[in-house]
Amino acid sequence: MKITLLGTGSPIPNPDRAGAATLLESGSQRLLVDAGRGVVMRMSAAGVLPVMLTGVVITHLHSDHITDLNDVITTQWIMSAAPTPLRVYGPIGIAQVIKGILDSLEPDISYRLEHHQDSLTWRPMVEVTEVAPGITFQLDELQVTVGRTDHQPVEPTVGYRVHHENKSVVFGGDGLPCAELDQLCLGADAYVQTVMRDDIVRQVPNKRFLDILDYHSTVEQAAQTAARAGVNTLVMTHYIPGMQRGQEDEWREIAARHFSGTIILGDDLTSTTL
Ligand SMILES: [Zn+2]
Ligand SMILES: [Zn+2]
């Protein structure tokens, strides 16, 4: 099982960090978790095209996690050799988002259908499933369990525990530690969490920036969740603020005070194999 950080950025534009997106590859299975800014570019750098995806799971509907879903949908459609649904899972509201994306693509869909009359005879096919905490579903060979996360006032938000061939990994998305997240992570091989350095954020004299302090896990909190749940590997991503080159050891050291397992963090396309 391989985890690749496709985008380690946050909503704040950064030339070196794409938006929230993580790739899970296990055997022939390829799962995309969230679809932020630049996701298709980073996927192609990782050797995976949208047509190769087993499915897409979305943790929540904040724009930085879904903004390039339209590119995933369009690229999957125009590169498919036969009508093939793109399976997308997300919390309640994802169906409305997908409908809005497809509506916005209507001119493009008509241009391409008209231009490729013989070779492209079907519209984009997105199979949307709204999921709720507590359910487990099968996505080809992947067993996926949905858990509630705490990213209030954003609701609903979910995390996913994905199990395949005796390995499991949890994608916590954005949010604070909570009992449901601990439960979802319990005994997993790896836990992927979006993180914030509150010590740096507190120094920025901007009210809108300071507002984010109350709904993101700090590096310490992510490490503490990993330790409580007894996971082997903590993967940190979605750095707020953007981690500067050369700061990696500083971020790692803060997490290591609370968690003795393997800690993975770095630039876009950093990967780890479990
Ligand atoms: Zn969010
Ligand atoms: Zn986010």
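Visitor: At what angle do helix α9 and helix α10 pack, and how far apart are their axes?

Guide: Happy to, with the reminder that this is a predicted model. Helix α9, residues 219–229, packs with helix α10, residues 248–256, at an angle of about 45 degrees, and their axes are 8 Å apart. An angle under 35 degrees would count as roughly parallel and one of 65 to 115 as roughly perpendicular, so α9 and α10 are oblique to each other. Their crossing is right-handed. On the α9 side, the contact is made by Val-219, Glu-220, Ala-222 and Ala-223, while α10 contributes Trp-251, Ile-254 and Ala-255.

Now for the sheet. This is an open sheet of seven strands with mixed pairing, and the order to trace is β6-β5-β4-β3-β2-β1-β14. The edges are β6 (126–130) and β14 (271–273); each has a single partner strand, so one side of each is left without a neighbour in the sheet. Direction ignored, neighbouring strands are turned by 20 degrees against each other on average.

Strand β2 (residues 21–26) runs antiparallel to β3, and five bridges join the two. Within this pairing, Leu-23 stands opposite Leu-32 of β3. The hairpin of β2 and β3 has two residues between the strands, and Gly-27 takes a positive phi near 55 degrees there. From β3 the chain crosses through helix α1 (residues 39–45) to β4, a β-α-β crossover that is right-handed. Strands β3 (residues 29–33) and β4 (residues 55–57) run parallel, joined by three bridges. Here Leu-32 turns up again, with Val-56 as its bridge partner in β4. To place these pairings in context, strands of a sheet pair through backbone hydrogen bonds, either parallel or antiparallel.

Helix α4 (residues 94–104) lies across β5 (86–90) and β6, and runs at about 155 degrees to β6.

Terms used
Residues are numbered from 1 along each chain as its sequence is written. Chains are lettered from A and ligands numbered from 1 in the order in which they are written. This is a predicted model: local features need pLDDT of at least 70, side-chain atom pairs count only at pLDDT 80 or more; totals for chains, interfaces and linings use all residues. Two strands pair if DSSP finds at least two bridges between them. Helices (H or I, at least four residues) and strands (E, at least two) are DSSP runs, numbered from the N terminus. Axes are lines fitted to C-alpha atoms, for helices over the stretch in contact, and angles run from 0 to 180 degrees between N-to-C directions. Two residues are in contact if their C-beta atoms, placed from the backbone, lie within 7 Å. A crossover is right-handed if, with the strands pointing away from the viewer, the path from the first strand over the helix to the second runs clockwise. Angles under 35 degrees count as roughly parallel, over 145 as roughly antiparallel, 65 to 115 as roughly perpendicular and the rest as oblique. A crossing is left-handed if the near helix is turned anticlockwise from the far one by less than a right angle, and right-handed if clockwise.
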